[in-house]
Each structure stands twice: as structure tokens, then as C-alpha cells.
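Me: Could you take a close look at one part of this structure with me? I'm new to this, so please give me the cut-offs as you go.

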Amino acid sequence: MISKSQTDHLLSLYENTSVFHSELHDHSESGGTSDGKCALSYWNERMPKLKMDFAAILDHRQVRHMYLPDWEKGSFIPGTEPGTNISDAIARNGHMHYNILLPDRDELEKLLNEFAEYEFTGGTEGHFIYPEFTRERFGQLIDAVLARGGFFVHPHPKQVMDADDVTQYWFRDETGIEVFYKGYDSEYTQKNYALWCSLLSAGKRLFACAGGDWHAEPQNTSLTTIYAEENTPKALLYQLRRGNFTCGQAGIRMAVGETVMGGVCDFEGQTLTVCTGDFHESVKKENHQYRMDILSDMGIEKSVPVSMDAYTFASIEAQDRRFYRAEVFDETENKRIAVGNPIWNKA
């Protein structure tokens with residue numbers, strides 16, 4: 001039985017935040033080398049209808065999308081999706097894409113100029129190439145993204161790379177890897193989820209992300225749920241960078257003591273408390289049954305039924321585990337609709 005003091009404490013850690021449902025990986029038709037099919041004006045029109053609070057528009061090989069008039073009228077996170085060949089990768093295909101999300105559009109130009117390998121031509125119409133990096137140099141790029149207040153994600157990893165060694169998909173802890181891709185039932189979601197679980201088992205601290213990678217019609221089948229103080233790139237990136245967000249369409253708030261999702265703490269003598277709710281309307285279905293699983297590296301530790309229209313709380317005494325995390329299932333359709341990021345044991 002969970003106590004009121006436990007629920008009050010968890011909610012206090014998320015005080016002054018609101019829930020935001022977002023898309024973290026999309027493209028627009030912005031001219032130049034963009035390969036999206038919809039203009040930013042259409043994104044601005046469709047997002048409210050899809051109950052999306054913001055989208056990360058990450059057009060390829062250029063920065064001009066962030067300087068168009070309709071950018072200022074929408075709720076967009078600046079960034080881009082380059083590609084790179086990792087020259088010393090131990091993989092059948094060492095090529096990969098990666099999403100760079102930044103709090104300010106000017107920071108992207110500074111980053112591209114800092115790394116001469118991009119051959120960035122500069123300015124609002126500037127273009128860049130897909131360079132080749134070693135793993136070491138690629139790690140330096142990730143460090144530079146994080147140093148500028150940004151967030152780094154390895155998108156659709158099993159769609160592009162092909163490696164037997166799962167650590168080839170890892171480059172830095174506290175970065176994202178795209179687990180939900182397109183939707184819950186896609187072939188790559190299943191493969192990416194298994195990859196992320198394998199990386200957790202290998203001791204890597206990667207955050208599970210969702211992305212639609214929509215080039216044509218905007219959709220809301222692969223959203224991210226974030227509790228943040230406001231709907232601004234800076235506030236949203238603050239939570240993304242610390243791993244305090246849900247991959248999927250239901251909100252999960254979780255803490256061990258004072259440490260929320262994405263953090264590291266000593267589990268000894270602590271209680272894990274979890275709350276789920278704030279379902280996106282796209283997954284709220286009449287007569288469906290939902291449940292929340294609390295998991296660790298040892299498997300499922302506790303399962304509880306949840307309501308799509310109310311908050312559900314659960315708690316367990318933390319044991320000697322490597323991490324805890326939570327998931328939400330639509331039991332009627334037997335599909336995972338939300339994955340919360342772990343809290344790791346410092347011990």
C-alpha cells in the first residue's frame with residue numbers, strides 16, 4: 001500500500017511542471033536539400049489537431065528551415081539529422097544517422113563551424129556534407145553537442161547500422177537511442193527495444209527515445225511525453241538531457257528518494273515510487289485494459305492495473321538492483337505504449 005507521504009513526495013519533485021506530448025524526429029519541406037514533403041506552415045496547422053505540443057524538425061544537410069518565417073510561428077526544437085561513416089566501426093555497416101537537438105539555432109551553426117569535417121558553407125543558406133569520423137572524433141562531436149546545452153540521439157539504429165556487438169551502437173552515456181520508431185508495432189521498434197535492453201544489460205546508460213521520422217504527413221503515433229516547466233526548447237531539453245522523460249504516449253513520473261528518471265543514486269534503504277497517467281488521446285480507448293510494470297535488471301518486479309483517466313501510483317522497497325524503470329501496456333492489444341527511462345544504482 002502506497003502512503004500519501006510517498007505520493008506527495010513524488011509529485012513535489014515534479015512541482016511546477018506541465019505535461020507535453022512531442023515528436024522528437026521529423027522533417028519539413030524547406031527548400032534546398034530538404035527531403036520532407038510538408039512545409040512548416042502545414043506542421044503549424046496539423047500539430048494542434050494531433051494534440052502535439054512541439055516537434056523537432058531536423059532537416060538534412062542544411063540549416064535554412066530554422067530561419068523561415070513559419071519557424072517563429074510554431075513550437076519547434078532546432079536541430080538537424082546528419083549522417084556519418086564511422087571509419088573504425090566493427091560492424092558490417094558503419095554508417096549511421098544521428099539527431100542533434102539544440103536550444104538555439106545559432107548553436108548549430110557554431111557547432112558545424114567548429115567541426116571542419118562538415119565543410120559547412122555558413123549562413124542561413126549554408127549546407128554541409130556527411131563526414132567520416134573515427135569513434136574518438138565522433139565522441140568529441142557528442143561532447144560538443146552536450147556542452148552547448150543540446151541533446152544527442154542515435155535514431156533508427158537497427159534500420160541503418162548492422163553490428164553483432166551491441167556496444168557498437170553506443171558512443172556516450174546519457175545520450176538517446178530511438179526505441180520507438182514510426183509506431184509501437186513497427187518492425188524496427190521491436191528490434192530497437194531489444195537493442196536498448198541489451199545495452200542496459202551491458203551497463204550502458206542510454207535513454208529510450210521515440211521518433212516518427214515523418215517526411216510526409218505529420219502523425220502522432222510515436223510521441224515523447226515530458227513534464228517540463230514550460231513549452232520552450234530550453235525547458236524541454238533540460239528534461240531530455242537528464243533522461244527525465246517517457247518514450248511513448250503516457251506520462252511516467254518516477255523517483256528513488258530525491259532522484260528522478262535518468263539519474264543515479266544509492267538504492268540502499270530507499271523507496272521507489274512511480275506514477276503513470278496523462279495518456280495521449282491517441283491511445284485512450286474505451287473498454288481497453290492497461291497495466292504498468294515496474295522492472296529492474298532482474299525482470300518484472302511489480303505489475304499494477306492503471307486507468308487511462310486517472311493517476312495510478314505504485315511503490316516498492318528498492319533492492320540491490322542495477323536499475324529500475326517502468327513501462328505501460330495496453331493489455332487489450334498486447335502492446336507497449338510507454339517506456340520510462342531508468343534510475344541507476346550508484347552502488
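Reply: Histidine 154 has isoleucine 177 in E10 as its bridge partner. Strands here, labelled E, are DSSP runs of at least two residues, while helices, labelled H or I, need at least four, and both are numbered from the N terminus. Strand E9 (residues 151-154) and strand E10 (residues 176-181) pair in the parallel sense over two bridges; to count as a pair, two strands need at least two bridges found by DSSP.

Keep in mind that this is a predicted model, where local features need pLDDT of at least 70 and side-chain atom pairs count only at pLDDT 80 or more, while totals for chains, interfaces and linings use all residues. Residues are numbered from 1 along each chain as its sequence is written, and side-chain values use heavy atoms, with hydrogens and water left out.

Now zoom out a bit. E9 and E10 sit in an open sheet of five strands, ordered E4-E7-E9-E10-E11, with mixed pairing. Strand E4 (79-80) and E11 are at the edges with a single partner strand each, so one side of each has no neighbour in the sheet. Helix H5 (residues 135-147) lies across strand E7 (99-101) and E9, and runs at about 140° to E9. That angle is taken between N-to-C directions, on a scale from 0 to 180 degrees, using axes fitted to C-alpha atoms (for helices, over the stretch in contact).

Let's follow the chain onwards from E11. Aspartate 213 is in the loop between strand E11 (207-211) and strand E12 (224-228). Its phi is near 55°, a positive value in a residue other than glycine. Most residues other than glycine have a negative phi. Aspartate 213 is also buried, at 7% relative accessibility; buried means under 20% relative accessible area, exposed over 50%, and partly exposed in between, with a 1.4 Å probe and protein chains only.

Next comes E12, and five of its five residues are buried, so this strand is largely enclosed by the rest of the structure. In a regular strand the side chains alternate between the two faces of the sheet. In E12, Thr224, Ile226 and Ala228 point one way, and Thr225 and Tyr227 the other way. E12 pairs with strand E1 (residues 18-26) in the antiparallel sense over five bridges, with tyrosine 227 as the bridge partner of valine 19. E12 also pairs with E13, again antiparallel, over two bridges, and there threonine 224 has cysteine 247 as its bridge partner.

Cysteine 247 is buried, with a relative accessible area of 0%. Its sulfur is 6.9 Å from the closest cysteine sulfur, in cysteine 209, which is too far for a bond. Cysteine 209 is buried as well, at 1%.

Last stop: threonine 246, in strand E13 (residues 246-248). Threonine 246 is buried too, with a relative accessible area of 0%. Not counting residues up to four places away in sequence, threonine 246 touches several residues, including Thr224, Thr225 and Ile252, where contact means heavy atoms within 4.5 Å. A polar atom of the threonine 246 side chain also lies 3.1 Å from the backbone nitrogen of isoleucine 252.

Technical notes. A polar contact is a pair of N or O atoms within 3.5 Å; within protein, one must be able to donate a hydrogen and the other to accept it, and residues adjacent in sequence count only if both atoms are side-chain atoms. A disulfide is a pair of cysteine sulfur atoms within 2.5 Å.
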